[in-house]
Amino acid sequence: MKTLLCLCLLSAVAFAQSPTTVLHIINVKWKAEATPEQIKAAVDAVHQLPAKFPGIKRVWTKNIKYQGQEGYKQAIVMEFESEAALKKYADSPAQKWWYELYLPIREESHTHDITN
């Protein structure tokens, strides 16, 4: 009985600590003519988004190991505080600001949105 109670308590604690944030993962294939300077500017700019859009908590861009599809060279991860924040980001001034740097040099991308 004590074991069952301990398992139930551990499960409750694990469930209570599950994040409710949403990870927005972007796999990017840059245009062939995109310069290293343009790519760096777009990647550096994405790190400014949490200051421009409060619903973004964190951003990751440093690829340690990347196994994207052929031609895909970059993963960008944004952590949103909620699914509602992710939806609100679409067409926001912050997204439009970043897209000015990003879209002209992006050939294509695939996104994945993940939460618990």
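**Pocket lining and helix faces in a predicted model**

The lining of the largest pocket comprises seven nonpolar, four polar and two charged residues. Here Ala, Val, Leu, Ile, Met, Phe, Trp, Tyr, Cys and Pro are classed as nonpolar, Asp, Glu, Lys and Arg as charged, and the others, Gly among them, as polar. The model is predicted, so local features need pLDDT of at least 70 and side-chain atom pairs count only at pLDDT 80 or more, while totals for chains, interfaces and linings use all residues. Residues are numbered from 1 along each chain as its sequence is written, and side-chain values use heavy atoms, with hydrogens and water left out.

The largest pocket holds about 150 Å³ of space. A pocket is an open set of points on a 1 Å grid over the protein atoms alone, where a 1.4 Å probe fits, with protein on both sides within 12 Å along at least five of seven lines; lining residues have an atom within 4 Å of a point. Grid points are joined across faces, edges and corners, and the volume is the space filled by probe spheres set on the points. The lining has 13 residues. His 24, Tyr 89, Gln 95, Tyr 99 and Thr 111 lie nearest the pocket centre. At least two lining residues come from each of strand E1 (22-30), helix H4 (83-89), helix H5 (93-102) and strand E4 (106-114). H5 gives the most, with four residues.

The protein chain has five helices and four strands. These are DSSP runs numbered from the N terminus: helices are H or I of at least four residues, strands E of at least two. Their order along the sequence is α-β-α-α-β-β-α-α-β. The chain has 116 residues, and 32% of them count as buried. Buried means under 20% relative accessible area, exposed over 50%, and partly exposed in between (1.4 Å probe, protein chains only). Among contacts in the chain with a separation of 6 or more, 75% join residues 24 or more positions apart. A contact means heavy atoms within 4.5 Å.

Helix H2 (residues 36-46) buries Ile 39, Ala 42, Val 43, Ala 45 and Val 46. Seen down the axis of H2, these residues fall within an arc of 160°, so they line one face of the helix. The arc is that of the directions from the helix axis to the C-beta atoms. Pro 36, Glu 37 and Lys 40 are exposed on the face turned away from the buried side of H2. Cover for the buried residues of H2 includes E1, helix H3 (49-52), strand E2 (56-60), strand E3 (74-80) and H5.

In H5, the buried residues are Ala 94, Gln 95, Trp 98 and Tyr 102. Down the axis of H5 they fall within an arc of 90°, so they too line one face of the helix. They pack against E1, H2, H3, E3, H4 and E4. Pro 93 and Glu 100 are exposed on the other side of H5. Glu 100 has a relative accessible area of 62%. The C-alpha atoms of Glu 100 and Ala 42 are 8.8 Å apart, although the two residues are 58 residues apart in sequence.

Ala 85 belongs to helix H4. Ala 85 counts as buried because its relative accessibility is 8%. Leaving out residues up to four places away in sequence, Ala 85 touches Phe 53, Gly 55 and Phe 80. Thr 21 is 64 residues from Ala 85 along the chain, and their C-alpha atoms are separated by 9.3 Å.
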